[in-house]
Amino acid sequence: KGARLATLQEEAKEEDTPPRWINHFYNPQTGEGWTADKLGSIPSNILSVFSGFALSSRKPISAKNWAKNRSAQADYELYEGDQTWQKAIDFYIAGDKKSAYIALGHILHLIEDMTVPDHTRGDTHAGIFGDKGSPYENWAKSYNIGKMQKLTIAEDLTRSGTKPKEFLLLENYFDWNAKYSSENFFSED
């Protein structure tokens, strides 16, 4: 159990391998992914051209699409490659649980990003060129593993009888989290 958790945590971090992160945005109102908006003084059209050369020649897609788009992720072969939901299922069925947990870690990262307002409002939040970054992500950085282990949120919710949201489709987790985050939390832009 501990090895699986460590694999999930490590691979959740690996999903931020550049340039994968340009596919970590999903605006639930528009359905769009990253649009190169809101990076301080850099106009979005210039940032889009730059990202086409420096990050990926493929146009960014929404995190909701990225989680299941094997063709798009295959184009990132040099950067972790295909780590889609289906890839996790295929590995698990084949008995390769370690690879399944690696892919699942990538998917959990994407769902986690839907709880960050910047990711659900198209805010680049890079913290450069006059951009102020993400107040939410900066605050969350203070919760390292040692500090998180002291939290009793899950236990408190269990004791209160609160049940987690359960959906039949992966897409519903993206929609629910992105909508909640976008409608209820502060971000700079």
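These are my notebook entries on a predicted model of a protein chain.

**Overall fold**

I started with the secondary structure and counted 11 helices and 0 strands. Reading from the N terminus, I get α-α-α-α-α-α-α-α-α-α-α. The chain has 189 residues, and 36% of them count as buried. I then looked at contacts between residues at least 6 apart in sequence: 66% of these join residues at least 24 apart. For the accessible surface I noted about 11,300 Å², with 57% of that belonging to carbon and sulfur atoms.

**The core**

Next I went for the largest nonpolar core, which has 18 residues. Which residues have the most contacts inside it? They are Leu-110 and Phe-174.

I clicked on Phe-174 and listed its contacts, leaving aside neighbours within four places in sequence. Phe-174 touches Tyr-26, Ala-63, Lys-64, Ala-67, Leu-110, Ile-111 and Met-114.

**Ala-88**

I found Ala-88 in helix H5, residues 85–93. Is Ala-88 buried or exposed? Its relative accessible area is 7%, and the cut-off for buried is under 20%, so Ala-88 counts as buried. Skipping residues up to four places away in sequence, I see Ala-88 touching Ala-100, Ala-103 and Leu-104. I also took the C-alpha to C-alpha distance from Ala-88 to Gly-105, and got 9.2 Å for two residues 17 apart in sequence.

**Aromatic pairs**

I count 5 aromatic pairs in the structure. One of them is Trp-176 with Tyr-180, which is stacked: the centres are 5.4 Å apart and the planes sit at 5° to each other. These two residues are 4 apart in helix H11, so about one helical turn separates Trp-176 from Tyr-180. I looked up their accessibility too: Trp-176 is partly exposed at 35%, and Tyr-180 is also partly exposed, at 42%.

Which residues make the nonpolar surface patch of about 350 Å²? I have Met-148, Leu-151, Ile-153 and Leu-157 down for it. Leu-157 lies in helix H10, residues 153–159. Its relative accessibility is 40%, so I logged Leu-157 as partly exposed.

Notes:
Residues are numbered from 1 along each chain as its sequence is written. This is a predicted model: local features need pLDDT of at least 70, side-chain atom pairs count only at pLDDT 80 or more; totals for chains, interfaces and linings use all residues. Side-chain values use heavy atoms; hydrogens and water are left out. Buried means under 20% relative accessible area, exposed over 50%, partly exposed in between (1.4 Å probe, protein chains only). Contact means heavy atoms within 4.5 Å. Accessible areas come from the Shrake-Rupley method with a 1.4 Å probe; for residues, only the protein chains shown count as cover. Patches are made of residues with over 30% relative accessible area and no salt bridge: like charges are joined within 9 Å, nonpolar side chains (Val, Leu, Ile, Met, Phe, Trp, Tyr) within 5 Å. A salt bridge is a side-chain nitrogen of Lys or Arg within 4 Å of a carboxyl oxygen of Asp or Glu. A nonpolar core is a set of buried Ala, Val, Leu, Ile, Met, Phe, Trp, Tyr and Cys residues joined through side-chain atoms within 4.5 Å. Rings of Phe, Tyr and Trp (its six-membered ring) pair if their centres lie within 6.5 Å; planes under 30 degrees apart count as stacked, over 60 as edge-to-face and the rest as tilted.
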